[in-house]
Amino acid sequence: MSLRDPRGDGVFSATFKYWSVAPAVLVLAALTVLPALALLRMSVSTITFSEGHEHWALTPARNFAALFTDPGLAATVVNTLLFVIVAVAIEMVVGLALALLVGGLARGKGLMRTLLIVPILVPPVAIGNMFKLMYNYDFGLFNQILGALGLPAVSWLGSTSLALWSIVLVDVWHWVPFVFLILFAAVEALPIDVMEAAHVDGANRWQMLRRIKLPLLMPAIVVALVFRAILAFKAFDEVYLLTGGGPGTSSELVSLHLYRVFFEQNQLGYGALLSVLTIVVVLSMLAAGRRVVVGAGAA
Amino acid sequence: MRFIRKLAMTVASLLLVAAPGARSADKPFAEVGKQAPLTMLVPATPWLPAFSKLVEQYEAQTGNVVKLDVNPFAGVLDKARNDVHSGGGTYGALFLDTQWTIEMYEGGFVAPFTDIDPAFVMPKEVLTYGDSGYWNAQKRWRTSNGGKLMGFTVLGNVQVWYYRTDALKAAGLAPPKTWDDVLASCAKIAKPPATYGAVLRAERGNGIRYDWMQWMVERNGSVVKDPENGDFTVTLNSPANKASLDQFIEVGKKCGPPNPGSIGQGDVIQLVATGKALQAQIVLAAWSNFEDPKKSAVVGKLDVVPLPIPTGGVPGGVIGNWNYTIAKGASSGQKKSALAFAQWFLTYDAQYAYAKDGGIPNRTDVLASDLARDPAYRWMHAYAETMKSATQELGYVEGPQVEQILGLRLNQAVIGELSSAKALNVAAKEIHDVFAKNGRKTGIGPMLPE
């Protein structure tokens, strides 16, 4: 009788695999499915408090009406899309360039890798405060540099045309190391014999990059892209600390808007609806990314 | 001779003991008895060091134990909600910003003081700060008229006008009484970008809402008609309010930095403390920042007066206070302990000590004491003057939503995205919609010409 199937009749192994994962499934259900169901219920309800207790009323129409009449939502969606597209594009290009550069170093790779990941080790609150000081119109480092060059001071966080891009810059500084780490690992895993064969066949650097390295790096690129896009969509710390969504609505993102609705306005039902929609968008991005990865793998 | 010397010393000792404020440090300010350990949920604010010192003094005098759970502003509300929504028990005392009190009162999450001790009486010298510590559940309004005592003000903030005494003196100017005086003074004393004549807080959100409302009340403006009596007709988009907003924008632009729409409280304090801003509209609680040589380059150079008013306007102020409340879900021991601390804190001696350590006392007799004649507390007169006409605003459950709307639309007017008329019209419509959805009796005034 084998250890894998002590009864030798196949029944033990068939049931074993189900009840062996049952504890993990139960924990997963308790920690994710139950809260998700509670959130769904909240999203179609209005919750009020009186006499020390909460009172629920089923009001899906009211919550959806709030969604379609929310005056600030359209601007935040546009801002968020712009933020995600521009910030992630820059991070991917810079991260990939750094990964290829550092990957091509003969010496000092470890040191460069350590130095380049420092920004993601800094807590987001520290980053927010640091850049808020650097962007300060009167005392900030950036305007002091401009002043030293004889240029006028810039209202980095006070201008409606610059506020969002100032936050993008902070996000790029913070998250390029993340992209770099993922792509650097992939660059290090590129098969040397393929590179050498291409070199022997006369491929120049541009052809090596475009025809050999990039296709081989594509799964890692897609993983980094999907991760960054999801995280960028949920960005909160930087915008909350730097501008609070202002001036006006020029830098308000979906996550900050959701925070305001849920925590500041205490509109729990509508806030839950916004949360559900955010989750739907993020899951869609995940599904799309997975399809691209699978497709790239098949190719 | 020896007898006369002894007599003189005895009389001098008696006078010293009897002098106002010079009480014995060993005698407790109030006899509160042995109490259970008390945990208080408190905000990290400029006045917290003063309050913490007072708590230490309470512990030393009474032998009771108090633990302060200190949190940033928004964190206090989150923790308070988590505690009360889950039945309470963590905190005996909750410090609530004035905007949060209605949510907590209406939700039934804080205990009336007389439910804990029917004999509790608020000293008559304690300011009521627009009755923010009272709740009339039938009217759904904070009023002592038929309302129960739910809390008291532990720190009562109003805005005052800070000015550099040296700068105004050098220009031969008196402290401004009107906003026109402010505009005139800016032209004389400011040398931008090295120095700004005056700075206002106009960042989106609570910043501009609170600051502009001071200007609104000075022209007898309002957001809603008579919320205490159930009339939620929106009066925001009135010619008086437009005039207030226009002048607010004018002073901010002509006197301040070129980025008025992004200036927050920290920025204003920073500009004043570094000497860049020569005048500013700031809450009184920030005073200690400017008198601390570790934080300020202008120690001893500032003074305060009540906020200037528009020509033909009336003095006014909007109260922004922290309220000491007792959590309903706390244990019986913590509730009694919280009430005992309150009784101690509200005594003359405790409030006097609080003021000496940098807090703002809530008793009229302390505000009129010898401290008011001490140059270190020269802010007391302006504070007492402002409190005579200061009021509470947004005292209804929709207050946070109204604040969000005002905080955005006013900011958009400052940065030029919307004209002042359009900003007020749009905000009025949005506020009206909020009240209508909540079933309030509401309406809206005629639209301002855009």
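Domain bounds come from an automatic or database domain assignment. For chain B this assignment gives domain 1 (29-156 + 320-378) and domain 2 (159-318 + 394-437). The model is predicted: local features need pLDDT of at least 70 and side-chain atom pairs count only at pLDDT 80 or more, while totals for chains, interfaces and linings use all residues. Residues are numbered from 1 along each chain as its sequence is written, and chains are lettered from A and ligands numbered from 1 in the order in which they are written.

The centres of domain 1 and domain 2 of chain B, taken over C-alpha atoms, are 28 Å apart. Contact involves 16 residues of domain 1 of chain B and 17 residues of domain 2 of chain B. Two residues are in contact if their C-beta atoms, placed from the backbone, lie within 7 Å. On the domain 1 side, helix H4 (residues 98-106) of chain B supplies the largest share, four residues. Helices (H or I, at least four residues) and strands (E, at least two) are DSSP runs, numbered from the N terminus. By class, the side of domain 1 of chain B that touches domain 2 of chain B has six nonpolar, five polar and five charged residues. Ala, Val, Leu, Ile, Met, Phe, Trp, Tyr, Cys and Pro count as nonpolar, Asp, Glu, Lys and Arg as charged, and the others, Gly among them, as polar.

A helix pair was also examined in chain B. Helix H2 (residues 48-62) and helix H13 (residues 348-356) of chain B pack at an angle of about 140 degrees, with their axes 9 Å apart. Axes are lines fitted to C-alpha atoms, for helices over the stretch in contact, and angles run from 0 to 180 degrees between N-to-C directions. H2(B) and H13(B) are therefore oblique to each other. Angles under 35 degrees count as roughly parallel, over 145 as roughly antiparallel, 65 to 115 as roughly perpendicular and the rest as oblique. In H2(B), Ala50(B), Leu54(B) and Gln57(B) meet Ala350(B), Ala353(B) and Tyr354(B) of H13(B). This contact has five nonpolar residues, one polar residue and no charged residues.

Two loop residues of chain B have positive phi. Most residues other than glycine have a negative phi, and most peptide bonds are trans. For Asp131(B), phi is near 65 degrees. Asp131(B) sits in the loop between helix H5 (113-116) and strand S4 (134-135) of chain B. Asp131(B) counts as partly exposed because 17 C-beta neighbours lie inside 10 Å. A residue is buried if 20 or more other C-beta atoms lie within 10 Å of its own, exposed if 12 or fewer, and partly exposed in between; C-beta atoms are placed from the backbone. For Leu394(B), phi is near 55 degrees. Leu394(B) is in the loop between strand S14 (390-391) and helix H16 (399-414) of chain B. With 22 other C-beta atoms within 10 Å, Leu394(B) is buried.

Pro193(B) belongs to the loop between helix H7 (179-189) and helix H8 (206-218) of chain B. Pro247(A) lies in the loop between helix H11 (237-242) and helix H12 (254-264) of chain A.

Phe142(A) is in helix H7 (residues 141-148) of chain A. Phe142(A) is partly exposed, with 17 other C-beta atoms within 10 Å.
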